[in-house]
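I open this notebook to record what I looked up in one structure. The entries run from the whole chain down to single residues.

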Amino acid sequence: MNDAPRPLRRAVLLMWVGATLSALSALVASTLRDDIRAGLEERGRTHPRERLTAIEVDEATSTMVTVLAVSACVAAVVWLIMAWLNRRGRRWSRIAATVLALFALLHTWSLLTRGYPSPVATVLALAVALVGVAAAALLWHPENAEHFARSEVSRTSLDARQDRTTV
C-alpha cells in the first residue's frame, strides 16, 4: 500500500478503525439486554394490545441482542473488505463504501431520533457514522483518481493477456 496516495491510506486506516468500532459494538450489544427488556415492557404498558408475556419478552430481548451483535460483526467484516478492495483500487468499491457510509449515517440518525437506550452505544454509533463519512470523503480526494485509474488499467491489461493465452 506504500504506492497508494496519502488520502487513500488514511481512508483505509479509518476503515480499520470502523471495523474495530463495529466489533466493539457487538460486545456492547450484550450490555443492552436490560435496556431492551425495559423498552419492551414499557411498550406493553403504553400499548396494552401489544403487551408481551414474560416468556415473549425474554425471547424478543434475546433475539434483539443477537441481531445487534451479529449485524455489528457483519459490519466489521464489510469494513475490512471495503478497506482491502479500495486499497487495491477497485473503482466500484469506492462507490460501494460511500453508499454504505451514507446508510450508516441514516441508520445512526434514526437511532438518535428514537432515543437510543445506552450512552455508550450512542457514542459508538455516532463514531462509526463519522468514521464512515470521513473515509468516504477521503476516498474521493483528487489524489486518488490516478491510483484507481492505474489499478483499473492494470487489471484490464492482465485480463487481455489471460484471454490471449487461453485462446
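What percentage of the 167 residues of the protein chain count as buried? I note first that the model is predicted. Of the 167 residues, 32% count as buried.

Entry on secondary structure. I found 6 helices and 0 strands in the protein chain. Along the sequence, I read the pattern as α-α-α-α-α-α. I then turned to contacts between residues at least 6 apart in sequence: 77% of these join residues at least 24 apart.

Entry on the core. I looked up the largest nonpolar core, which has 23 residues. Leu8, Met15, Leu21, Trp79, Met82, Ala97 and Leu139 touch the most other members. At least two residues of this core come from each of α1 (6-29), α3 (54-87) and α5 (119-139). With 7 residues, α1 gives the most.

Entry on Leu21. Leaving out residues up to four places away in sequence, I list Leu124, Ala127, Val128 and Val131 as the residues that Leu21 touches.

Entry on α4. I checked the span of this helix, which comprises 23 residues (91-113). From first C-alpha to last, α4 reaches 34 Å, close to the 33 Å expected at 1.5 Å a residue. Within α4, I recorded Ser93, Arg94, Ala97, Thr98, Ala101, Thr108 and Leu111 as buried.

How values were computed: Residues are numbered from 1 along each chain as its sequence is written. This is a predicted model: local features need pLDDT of at least 70, side-chain atom pairs count only at pLDDT 80 or more; totals for chains, interfaces and linings use all residues. Side-chain values use heavy atoms; hydrogens and water are left out. A nonpolar core is a set of buried Ala, Val, Leu, Ile, Met, Phe, Trp, Tyr and Cys residues joined through side-chain atoms within 4.5 Å. Buried means under 20% relative accessible area, exposed over 50%, partly exposed in between (1.4 Å probe, protein chains only). Helices (H or I, at least four residues) and strands (E, at least two) are DSSP runs, numbered from the N terminus. Contact means heavy atoms within 4.5 Å. The expected span of a helix is 1.5 Å times one less than its number of residues.
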